[in-house]
Amino acid sequence: MELFNDHARLAPRQALDALEHAAGTLVEQGEGLLALPLLSILESLVSGLCRSPRRSLRARVVRMDALRQAGLLSQAVSV
């Protein structure tokens with residue numbers, strides 16, 4: 001099933017923007033552990049859908065901060 005082929009659904013750029021905003025807000029509020037699933041989805045979509053190095057880098061930086069907040073320092077270092 002292609003998630004973004006149906007034009008009645010959320011446009012890919014809007015989905016990426018929403019995921020990035022939600023994950024960033026959670027991290028800013030100190031809820032890094034809750035942001036990790038959203039960041040995984042975001043990174044997967046960014047790498048496969050738009051292939052934007054800038055967006056990919058932003059997602060990785062936010063994931064690194066989320067991992068740090070969650071106390072997963074060894075994973076944060078390996079990002």
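Guide: Start at the surface, where L57, V61 and M64 make up a nonpolar patch. Together these residues have about 270 Å² of accessible area. The model is a predicted one, and every value here is computed from it. M64 belongs to helix α3. With a relative accessibility of 37%, M64 counts as partly exposed, because that class lies between the 20% limit for buried and the 50% limit for exposed.

Next come the charged side chains. Side chains of opposite charge can pair when their charged atoms come close. In the whole structure, a search finds six salt bridges. One of them is between E20 and R55, whose closest N and O atoms are 3.0 Å apart. E20 sits in helix α1, residues 12–28, and R55 in helix α3, residues 53–69, so this pair ties together parts that are 35 residues apart in sequence.

E43 counts as buried, at 16% relative accessibility. Why is E43 put in that class? Its 16% is under the 20% limit, so the residue is called buried. R63, at 24%, counts as partly exposed.

A further salt bridge stays inside one helix. D65 pairs with R68, and the closest N and O atoms are 2.6 Å apart. Both residues lie in helix α3, three residues apart, which is about one turn of the helix. D65 is partly exposed at 28% relative accessibility, and R68 is partly exposed as well, with a relative accessible area of 47%. Some salt bridges also share partners, and these join D17, E20, R55 and R58 into one network. The E20 and R55 pair described above therefore belongs to that network.

Now set the helices against each other. α2 and α3 pack at an angle of about 160°, and their axes are 9 Å apart. That angle makes α2 roughly antiparallel to α3, because angles over 145 degrees are counted that way. The crossing of α2 and α3 is left-handed. For α1 and α2 the packing angle is about 155°, with the axes 9 Å apart. α1 is thus roughly antiparallel to α2, and the crossing of these two helices is also left-handed.

Last, look at L36, which has its place in helix α2. L36 is buried, at 15% relative accessibility. In sequence, L36 and A70 are 34 residues apart, but in space their C-alpha atoms are 9.2 Å apart.

Key
Residues are numbered from 1 along each chain as its sequence is written. This is a predicted model: local features need pLDDT of at least 70, side-chain atom pairs count only at pLDDT 80 or more; totals for chains, interfaces and linings use all residues. Side-chain values use heavy atoms; hydrogens and water are left out. A salt bridge is a side-chain nitrogen of Lys or Arg within 4 Å of a carboxyl oxygen of Asp or Glu. Helices (H or I, at least four residues) and strands (E, at least two) are DSSP runs, numbered from the N terminus. Buried means under 20% relative accessible area, exposed over 50%, partly exposed in between (1.4 Å probe, protein chains only). Patches are made of residues with over 30% relative accessible area and no salt bridge: like charges are joined within 9 Å, nonpolar side chains (Val, Leu, Ile, Met, Phe, Trp, Tyr) within 5 Å. Accessible areas come from the Shrake-Rupley method with a 1.4 Å probe; for residues, only the protein chains shown count as cover. Axes are lines fitted to C-alpha atoms, for helices over the stretch in contact, and angles run from 0 to 180 degrees between N-to-C directions. Angles under 35 degrees count as roughly parallel, over 145 as roughly antiparallel, 65 to 115 as roughly perpendicular and the rest as oblique. A crossing is left-handed if the near helix is turned anticlockwise from the far one by less than a right angle, and right-handed if clockwise.
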